[in-house]
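I open this notebook to record what I looked up, beginning with the overall fold and then turning to charged side chains.

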Amino acid sequence: MTKAQRTKQFIIEKTAPIFNMKGYSGTSMSDITDATGLTKGSIYGNFANKDEVALAAFRFNVKKLHDIFSREIEKEKTFKGKLLVYPHLYSDYYDLRVTQGGCPIINTATEADDTHPVLRKKVERVILSWKEQLVYFIEQGIVSGEFKAKSINPEKTALTMIAIIEGAVMIAKITGNLSSLTDIMQSLTKIIEDLE
């Protein structure tokens, strides 16, 4: 990495938690300079504007989340096992401390849906990619005979899983009751087990 690339990466790593906790609108240039110890000129020397920093921070937060789940999914030999990684890890999501401030998908989606079209589009891509991965696991589970084909709609099941996960994270965060996350993930585990 060049010095410029290292500086850019440093800015992303230092600001990603702030954007995830405060959101795009709530994160000021002062927050960014305070977190990095750099001047506005240094920030703008690496990013054209705050939007670029926010987009890079979102990508960074999502990649951290994705990498943890991907490592666990790769260990699983069955498609059911791959699906069960989600309720297993999300049951202890806040203990994983993947990203400060909770799930970057729900945090960013909630803020960007009406206020930041570019960021909204990035969140949409992440959700659609996640859905495609879940659909693939379900379809392959059907093909391999793990899941019963007649009663499963892979797309509907995938979207239901995402909605349950993101809703559970939101409920746990808003109420401060982390046990509700575990309870809801137990319900999701049952949904996955009932695919057999």
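In what order do the elements of the protein chain run from the N terminus on? I read the order as α-α-α-α-α-α-α-α-α-α. I note that the model is a predicted one. My tally for the protein chain is 10 helices and zero strands.

**Entry: overall dimensions and packing.** I looked up the extent of the C-alpha trace, which spans about 60 × 35 × 30 Å along its principal axes. The protein chain has 196 residues, and 43% of them count as buried. I then took the contacts with a separation of 6 or more; 65% of these are between residues 24 or more positions apart.

**Entry: surface and charge.** I recorded an accessible surface of about 10,500 Å² for the protein chain. Carbon and sulfur atoms contribute 54% of that surface. I found 26 positive and 24 negative charges, whose mean positions lie 5 Å apart.

**Entry: salt bridges.** How many salt bridges does the structure hold? I count eight. As background, I recall that side chains of opposite charge can pair when their charged atoms come close. I followed three of the pairs in detail.

**Entry: Glu72 and Lys75.** The closest N and O atoms of this salt bridge are 3.0 Å apart. I place both residues in helix α4 (residues 50-75), where they sit three residues apart and are therefore separated by about one helical turn. Glu72 is partly exposed at 27% relative accessibility, whereas Lys75 is exposed at 55%.

**Entry: Lys121 and Glu124.** I found a salt bridge here with the closest N and O atoms 3.2 Å apart. Both residues belong to helix α8 (residues 117-143); they are three residues apart, so about one helical turn separates them. Lys121 has a relative accessible area of 37% and is partly exposed. Glu124 is also partly exposed, at 28%.

**Entry: Glu155 and Lys131.** Which helices does this pair connect? I first noted the salt bridge itself, with the closest N and O atoms 3.2 Å apart. Glu155 lies in helix α9 (residues 154-175) and Lys131 in helix α8, so the pair ties together parts that are 24 residues apart in sequence. Is Lys131 buried or exposed? I list Lys131 as buried, because its 14% relative accessibility falls under the 20% cut-off. Glu155, by contrast, is partly exposed at 42%.

Note on methods: Residues numbered from 1 in each chain as written. Predicted model: local features only at pLDDT ≥ 70, side-chain atom pairs only at ≥ 80, totals over all residues. Heavy atoms only, no water. Helix = DSSP H or I, 4+ residues; strand = E, 2+ residues; numbered from the N terminus. Buried < 20%, exposed > 50% of the residue type's maximum accessible area, 1.4 Å probe, protein only. Contact = heavy atoms within 4.5 Å. Areas by Shrake-Rupley, 256 points an atom, 1.4 Å probe, with all protein chains shown as cover. Lys, Arg positive; Asp, Glu negative; His and termini not counted. Charge placed at Lys NZ, Arg CZ, Asp CG, Glu CD. Salt bridge = Lys/Arg side-chain N within 4 Å of Asp/Glu carboxyl O.
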